[in-house]
Amino acid sequence: QVQLVESGGGLVQPGGSLRLSCAASGSISSINAMGWYRQAPGQQREQVAVIGSGGSTNYGDSVKGRFTISRDNAKNTVYLQMNSLKPEDTAVYYCNAPSVVGTMGRRYFGVWGQGTLVTVSS
């Protein structure tokens with residue numbers, strides 16, 4: 001009914017850049033905030049960046065100044081531009097939409113994508 005699909009992950013060298021995309025599909029009327037989270041093996045899932053419906057942003061301390069979150073509401077897509085990548089950025093990155101309103105008025109809470117793997121290594 002409502003689905004988030006991440007793409008753009010892969011292998012990149014330290015100091016390199018990568019751009020992740022997350023496209024929402026289905027019968028969608030509106031999406032409030034959207035965010036990126038990541039989880040490394042054996043670690044807790046952590047918030048990377050969040051963007052509100054009006055474009056306000058919030059970043060985790062470890063990625064401030066290096067990552068940029070943006071969105072295209074017409075395409076129901078959120079992006080994460082990742083620059084100056086470090087080995088410690090290696091993780092599975094997940095897209096999240098806390099609240100989605102469908103075209104028939106149904107509300108969907110806590111929608112997650114399947115994740116995309118980012119590996120930063122020489």
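## A buried arginine

Let's start with Arg66, which is buried because its relative accessible area of 11% falls under the 20% cut-off. Keep in mind as you look around that this is a predicted model.

Where in the chain is Arg66? Find the loop that runs between strand E7 (57–59) and strand E8 (67–72), and you will see Arg66 there. The side chain of Arg66 reaches the backbone oxygen of Ser62 at 2.8 Å. Arg66 also has partners beyond four places in sequence: Gln81, Met82, Asn83, Ser84, Leu85, Lys86 and Asp89 are in contact with Arg66.

## The nonpolar core

Now turn to the largest nonpolar core, which has 31 residues. Which residues have the most contacts inside this core? They are Trp36, Leu80 and Tyr93. Strand E10 (residues 91–102) supplies the largest share of the core, with five residues. In soluble globular proteins, nonpolar side chains tend to be buried together.

## A partly exposed glycine

Finally, visit Gly8, in the loop between strand E1 (2–7) and strand E2 (10–12). Gly8 counts as partly exposed because its relative accessibility is 34%, which lies between the 20% and 50% cut-offs.

How many residues separate Gly8 and Gly115 in sequence? They are 107 residues apart along the chain, and 10 Å apart in space from C-alpha to C-alpha. Beyond its neighbours within four places in sequence, Gly8 is in contact with Leu18, Arg19, Leu20 and Thr116.

Terms used: Residues are numbered from 1 along each chain as its sequence is written. This is a predicted model: local features need pLDDT of at least 70, side-chain atom pairs count only at pLDDT 80 or more; totals for chains, interfaces and linings use all residues. Side-chain values use heavy atoms; hydrogens and water are left out. A nonpolar core is a set of buried Ala, Val, Leu, Ile, Met, Phe, Trp, Tyr and Cys residues joined through side-chain atoms within 4.5 Å. Buried means under 20% relative accessible area, exposed over 50%, partly exposed in between (1.4 Å probe, protein chains only). Helices (H or I, at least four residues) and strands (E, at least two) are DSSP runs, numbered from the N terminus. A polar contact is a pair of N or O atoms within 3.5 Å; within protein, one must be able to donate a hydrogen and the other to accept it, and residues adjacent in sequence count only if both atoms are side-chain atoms. Contact means heavy atoms within 4.5 Å.
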